[in-house]
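Let's take a walk through this structure together, one piece at a time.

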Protein chains: 2
Amino acid sequence: MAPEVKVTQAPKTPEPVKERHADELFKEFKEVSITEFFRKNKAHLGYSGKVRSLTTIVHELVTNSLDACEEAGILPDIYVELKQLGEEHYRFTARDNGPGIPLKHIPDVFGKMLAGTKFHRNVQLRGQQGIGVSGVTLFSQMTTGQPIIVRTCTGDNKINEVKLLLDVMKNKADIVESTTFEQAWKGTEVVGEVKDVQFNLSDKGPFEYIRRTAIVNPHLKITFLDPEGRKTVFDRVSDTIPKPPKEMKRHPKGMDTDDMLKMAKTSVARHVGSFLMTSFSRVSNAKVAEIQKLVSCDLKKNPRKLTWAEAEELVKAVEKMDFMAPSTEGLSPIGENQIRKAIINVLKPEFETVVTRNPTTYSGGTPFQVEVAVAYGGEAGRKIDEEIRAEIMRFANRAPLLFDPGDCALTKAVQSVDWKRYGFRDFDNSPLTIFVNLVSMYVPYTSAGKQSVADLEEVTREVRFALMETGRKFQRYHSKKKRDIEREARLNTLIKYATELAPAIAKITKTDEKKLLKELDELIRRKLKYEIEAEDEAEAEAEEAPLEEGFTEEEGQ
Amino acid sequence: MAPEVKVTQAPKTPEPVKERHADELFKEFKEVSITEFFRKNKAHLGYSGKVRSLTTIVHELVTNSLDACEEAGILPDIYVELKQLGEEHYRFTARDNGPGIPLKHIPDVFGKMLAGTKFHRNVQLRGQQGIGVSGVTLFSQMTTGQPIIVRTCTGDNKINEVKLLLDVMKNKADIVESTTFEQAWKGTEVVGEVKDVQFNLSDKGPFEYIRRTAIVNPHLKITFLDPEGRKTVFDRVSDTIPKPPKEMKRHPKGMDTDDMLKMAKTSVARHVGSFLMTSFSRVSNAKVAEIQKLVSCDLKKNPRKLTWAEAEELVKAVEKMDFMAPSTEGLSPIGENQIRKAIINVLKPEFETVVTRNPTTYSGGTPFQVEVAVAYGGEAGRKIDEEIRAEIMRFANRAPLLFDPGDCALTKAVQSVDWKRYGFRDFDNSPLTIFVNLVSMYVPYTSAGKQSVADLEEVTREVRFALMETGRKFQRYHSKKKRDIEREARLNTLIKYATELAPAIAKITKTDEKKLLKELDELIRRKLKYEIEAEDEAEAEAEEAPLEEGFTEEEGQ
């Protein structure tokens, strides 16, 4: 296992290289701003490739509008327009009917990275880092030198219009112009120019992004005017305002020591015990007593004085114990009915099934939940050169993930399932759409561009289990379909024989041939009916067997 | 193309959701430090998964040591040790014989993100962002609460030992202890503890990382003591110190307007013309005159007064012109001989070929160069369950990329080649190692974890062209091998017939049978030799045809 690379050649005469001293090397030591960092590494934010860059802009503006509307309890109505101004040169407009942005926060929302309302809160939103929208300002400015224009009103009939650039060195907004005018409107509109981008209708383009957003946000009305003048209205399918995302206490399971300690240090509780009860969900007096039995430190201790070793003990104790699962309250899944409706509406499949797993947590104590669906036949799958291929639609908190599928945990989970077992003989070439939505307070993306989910064991497992359940459902459908076809064939064969034999039997038994035929027909159909009922009963019994069994036998672990 | 999603259900009675005002929503508006950002998003830095996290630590420390030694003109001798302290709990040690770190810079190198010597310079190094090593401090501290220990000496016989943590809120080092002692040594040693990680010998583990680093750094001696006590020494294959990476002027091609303007604003040149000549490589007086003919602004203008529109004109003019390719001076490829030696040494292939493309630039005016190699047979390929699979080894500036292959431009380039054309009937199951090294002043990674290269057209194209050339070489080898086998068969057949006929001919012609047989044998061999020479000549002529032809015909574009 440990090959040793040996010197196999005579060393050449080394060229004289002058050795340099550390002081000389460190002359250039500098600190840069986060904005300079992302200016240089714009691919981290999703700005790589002409189509992707344009989709990224749409993605950032639409998710921000959706988050704002949902937090404010408003049914979102969003308008997106892309207008071509020249070669690879576009103007983008995104307008919502959201709560608006207070004047004093406009510069930081659009012109400062790592600033926002979402970072510190344990709440399910699409945005989480306070980078994306400032990234739009940065990329517009990098490619056109133009400021973005923000028009917003919080409902006081005063529209604030601010033109701003981003001061890259200082990571703050550089306000070009700021005016206020009176008008009765509430919401936010962002207008900007961008170059080095390209619009198209591919499955990586803005249209597909908006289409998928509409699919998983049934309460959203979104209008898209594309550069070729086509206007598409994705109307809402539901008038129910989703419950606004709720900030939740963390669940004690899966905490890491560093977080535990950080929370303890800033707690105002008098005892470690009350700190645990007030800072976490599902921790009762009884649970604190149970923890006390497992740790050496006194839980009456001041939480600000907790040591690393004590915090680690707490974390380990909690891991050994059972707690109620995290509340579903803070998580906002799309819901089985809504997913089914959307799938039927868009894909018109021959078969569809939706599976929602119970919420659970991954390391870091973060609750998450997985929703998956499988659609088969109809318009499911993706057409490539007139051939149908299986398609995976990934979402995180209802935001479509169009890019970087290769290393995404959601893709890997789909690929890890042995689809053959469930009757998919040639998975890749099946008319199949697999739909995965990861719902979480915090989605562990691999990059600031937020298109790929990091490979966390717990997430992969949940997605996999959910998909296996859809697989079993498909299998039942599939074998029932096969059985129906077989029954039909059996029935036809029996009736054919009966018809052929009837004259002979009639002669022998001297009965009326027509009457005999009718009786035989009834007899055959009755017999088959009993058989079907017996089969279905057996099937139903099989279904009642605990699902998890299947996991541990062959595919489990 | 534009389906309209229609309301298909009667709206439910909406639950009463209270609308919230913007002021309430923005109460939580906060700014966070870059360190807090990466603390929350540690997957961006490569800290996801137990094995990957440990490999990431080794990667960050080894690349930093290699960069330091190369910049200082020192033949690197690096020692890495991983010692298991408990379950998923390790101590890491990385020691080099580099230039050392001046005392005053230690806190920022190890305890501040976005600080370093590499960010602003157009120079080829493995590190570029000033994040990685502070990331090691952060992850150690997050999992164990322990500081890292840095011992370093710049050659003045004073070893500075600093224990430090990272102040996450302030993004600066929190120095726990700092001592100095006398000892004759030069270099840097970093020791730390980490939990939630796992050592193994998989192709994603620290051993494989170090092995691949050794393969592409023939001047490196690296010793690895693994947690199971195995000590592996990868000795250097070359005593040539690579020329230290040189800071280069940017090439005018592929600049973007924003960069052009930024450079002009900070230039001290008196005219735009002299700014172009002093700030860029390959811009002569004659080239400035040529640019002047293509732009409306006067190149005698003060560069600090350049407008966006004028800078854009300059960029566009340059794109229309021809310039000498960027100098190879600033790029430090491994070199064909070194790659060949390494491949023969490690893989003992039946066939190998190395192709180095000429340096070129990608958008952003950044020079880059591509080195690829193909090894076939011998120990090439990767063994999975006793079956051999084709393997892709990706490198960027000689640093192995072990993770996130799925969406990496280097992987995609390999997959885009039609290998069947070159005689690989079943590419995936061939005993094949494909080796790709991207050499650049700046590698466009998709994430701060630096394991995947963004999909830039120019990079993909260069890798693809280089691979197609290796493909053609393999094809020639492959068809020559086939031809050799056929010739051998022909020779054997002819000699067999001659031997059978010899007695009869000897009788008829009354010659000595033995002599006749000898003459026939010689005749046959001579004839075949002429045939071989003629074939080889035709082959040689075919080889002289310009290579690029192949690209434009079928696979080009």
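This is a predicted model: local features need pLDDT of at least 70, side-chain atom pairs count only at pLDDT 80 or more; totals for chains, interfaces and linings use all residues.

Now zoom in on one pair of strands. In chain A, β5 (residues 148-153) and β6 (residues 158-167) run antiparallel and are joined by five bridges. To find your place along this pair, pick out Thr152(A), which has Asn160(A) of β6(A) opposite.

Next, move over to chain B. Here you find an open sheet of eight strands in the order β7-β6-β5-β8-β3-β2-β9-β10 (chain B), again with mixed pairing. Its edge strands are β7 (172-182) and β10 (231-234) of chain B, each of which pairs on one side only. Ignoring direction, neighbouring strands of this sheet are turned by 15° against each other on average.

A parallel pair is worth a look in this chain: β2 (residues 77-86) and β9 (residues 221-225) of chain B are joined by five bridges. Within that pair, Glu81(B) has Leu225(B) in β9(B) as its bridge partner. Helix α3 (residues 50-72) of chain B packs on the sheet, where it touches β2, β3 (89-96) and β8 (187-195) of chain B and makes about 10° with the direction of β3(B). Helix α6 (residues 206-216) of chain B lies across β2, β9 and β10 of chain B, at about 170° to β9(B).

Is Thr366(B) buried or exposed? It counts as buried, because 22 C-beta neighbours lie inside 10 Å and the cut-off for buried is 20 or more. Beyond its neighbours within four places in sequence, Thr366(B) is in contact with Thr361(B), Ser440(B), Met441(B) and Tyr442(B). The C-alpha atom of Thr366(B) is also separated by 9.9 Å from that of Lys249(B), which is 117 residues away along the chain.

Finally, step back and view both chains. Chain B superposes on chain A by a rotation of 180° with 0.2 Å of shift along its axis, with an RMSD of 0.4 Å. That is the relation of a two-fold axis. Of the residues of chain B, Gly406(B) comes closest to this rotation axis, with its C-alpha at 1.9 Å. Both copies use the same surface, as 99% of the contact residues of chain B recur in chain A.

Across the interface, 87 residues of chain B are in contact with 86 residues of chain A. The elements of chain B that each supply at least two residues to this side include α1 (22-25), α2 (34-40) and α11 (336-347). By type, the residues on the side of chain B that touches chain A divide into 38 nonpolar, 23 polar and 26 charged. Strands meet between the chains as well: β1 (residues 30-31) of chain A and β4(B) run antiparallel, joined by two bridges, and Glu31(A) stands opposite Ala115(B) in β4(B).

Key
Residues are numbered from 1 along each chain as its sequence is written. Chains are lettered from A and ligands numbered from 1 in the order in which they are written. Two strands pair if DSSP finds at least two bridges between them. Helices (H or I, at least four residues) and strands (E, at least two) are DSSP runs, numbered from the N terminus. Axes are lines fitted to C-alpha atoms, for helices over the stretch in contact, and angles run from 0 to 180 degrees between N-to-C directions. Two residues are in contact if their C-beta atoms, placed from the backbone, lie within 7 Å. A residue is buried if 20 or more other C-beta atoms lie within 10 Å of its own, exposed if 12 or fewer, and partly exposed in between; C-beta atoms are placed from the backbone. Copies are superposed by least squares on the C-alpha atoms of residues with pLDDT of at least 70 in both. Ala, Val, Leu, Ile, Met, Phe, Trp, Tyr, Cys and Pro count as nonpolar, Asp, Glu, Lys and Arg as charged, and the others, Gly among them, as polar.
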